[in-house]
Amino acid sequence: MTLQLPNDPARSDVLSARPTLWINSLYRDDAIGDTCLPLVPDQVDVAQSDWERLAPLLETCFPELKKTAGAIRSDLTELHALREALGYGGGEFGRVFAKADSALPVAGSIKARGGVYEVFVFAEELARREGLIGDREDIRHLASAEARAFFSSYSIAVGSTGNLGLSVGVAARALGFEATVHMSSDAKPWKVERLRKLGVKVVQHEADYTTAVENARSAAEDDPAVYFVDDEQSRRLFLGYSVAASELVDQLQTFGVAVDADHPLFLYLPCGIGGAPGGVTYGAKKVFGDNAHCFFVEPVQSPCALVHMMSGSEELVSVYDVGLTNSTEADGMAVARMSAFVATVMRNMLAGVFTVDDASLFRWLLLAHEVQGLRLEPSAAAGFAGPGFIVKHPQGRAFCERLKLSDRLRQATHVVWTTGGSFVPQEQFDQFLEIAQASRSR
Ligand SMILES: Cc1ncc(COP(=O)(O)O)c(C=O)c1O
């Protein structure tokens with residue numbers, strides 16, 4: 001029996017797997033100040049200083065980080081021609097940008113922020129606890145042969161649809177850890193292959209992501225030498241992502257963009273289990289306050305955050321519970337049940353969720369490549385629907401009316417977070433383009 005979703009303007013679209021926008025009626029000002037939340041904004045500052053302290057080590061482990069002195073950052077690009085091609089040329093769309101995590105160094109996706117952070121913070125914690133490094137000692141000692149030998153008796157495990165596994169696997173192997181990645185059936189073969197080449201043990205499950213995580217968790221539970229990166233519950237992953245929003249502060253200033261009550265900022269964030277988009281949302285609320293409005297985006301058959309948050313249920317609701325299939329080409333977003341931790345934090349903080357179909361993902365992937373030279377995987381193109389939903393869709397217009405933003409849309413800024421793709425092998429990327437071209441010529 002399927003679960004009943006409450007009455008909502010988006011309900012029938014959701015159940016029929018038609019692209020739609022759901023507005024969160026519990027969205028409210030200063031949600032980040034809620035003292036009942038399981039984390040506090042100061043933790044984002046701690047994560048920021050962790051990244052800074054670890055930067056020399058990251059630079060030593062990953063030569064590609066030399067030019068940023070160990071920082072893992074992405075560019076912000078204003079979309080001029082692409083916004084026209086997407087149908088957002090009019091002044092009512094304000095300014096439109098892409099935040100290109102698709103080209104993030106080390107792991108080629110937004111997962112570099114969470115996965116690399118968690119593995120490196122764990123490594124430092126372990127090394128300090130076991131006396132491998134002293135208080136004043138150079139953090140780069142953790143890249144020494146002695147440290148590698150020490151780390152090699154520990155293993156890092158994670159469940160993944162692909163990109164988190166890549167990021168955790170790359171980070172773990174860079175320090176000398178053993179690593180096991182439990183992949184869901186959605187994982188793309190090239191991601192599996194890349195990990196195996198790095199010496200990561202890949203366990204492929206003929207099951208969805210939730211099952212892959214459960215298997216990873218129980219395999220890790222009995223072994224004290226295994227550290228499990230828990231995508232369903234990890235604060236560390238979440239905080240690693242959260243620091244991303246602070247990059248936007250300087251970047252938007254460089255473009256002369258103000259964010260204040262008269263100049264709202266809209267962020268569009270592809271969502272799987274919710275950790276990456278939730279972390280970025282939390283960070284954005286910390287730095288921009290209520291002038292930033294964050295929306296998750298999910299495939300029409302995998303809208304796990306949407307159905308759970310719309311349901312209002314205390315128990316997690318999955319997409320299967322409402323009769324959807326969780327089937328999509330967007331492997332990073334093929335998740336049937338969101339993280340309970342992220343659901344709690346986002347309850348009053350997330351403005352809404354919109355859904356997209358796979359054909360649109362391929363169309364935008366092709367356009368972004370042709371017009372802007374971006375290299376995206378399907379999941380990463382999902383945010384391009386954002387400006388259209390906010391400005392044109394009845395629920396988007398009602399949202400803007402309610403928040404008194406309708407008159408300010410011309411001064412608004414839309415940031416489409418493009419979350420992955422630069423590591424996609426050429427052959428696979430050509431296949432994406434072919435799929436898109438075939439449906440264009442139909
Ligand atoms: C490219 C890409 N975008 C977005 C996401 C969603 O992140 P999360 O599962 O943390 O919501 C993923 C997850 O793997 C991804 O690979």
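**Exercise 1.** State which helix K111 lies in.

Solution. K111 lies in helix α4, residues 111-129. Helices here are DSSP runs of H or I with at least four residues, and strands are E runs of at least two, numbered from the N terminus. The model is predicted: local features need pLDDT of at least 70, side-chain atom pairs count only at pLDDT 80 or more, and totals for chains, interfaces and linings use all residues. Residues are numbered from 1 along each chain as its sequence is written, and side-chain values use heavy atoms, without hydrogens and water.

**Exercise 2.** Decide whether K111 is buried or exposed, and list what K111 touches.

Solution. Step one: buried means under 20% relative accessible area, exposed over 50%, partly exposed in between (1.4 Å probe, protein chains only). Step two: K111 has 15% relative accessibility, so K111 counts as buried. Step three: with contact taken as heavy atoms within 4.5 Å, K111 touches V116, N163, L164, S167, Y241 and A276, leaving out residues up to four places away in sequence. The unreviewed UniProt entry places "modified residue: N6-(pyridoxal phosphate)lysine" at K111; UniProt annotations may be inferred rather than shown by experiment.

**Exercise 3.** Compare the radius of gyration of the chain with that of a compact globule.

Solution. Step one: the radius is taken over C-alpha atoms, and the globule rule is 2.2 Å times the number of residues to the power 0.38. Step two: for 442 residues the rule gives a value near 22 Å; the chain has 21 Å, which agrees. Step three: the C-alpha trace spans about 60 × 50 × 45 Å along its principal axes, and buried residues make up 60% of the 442.
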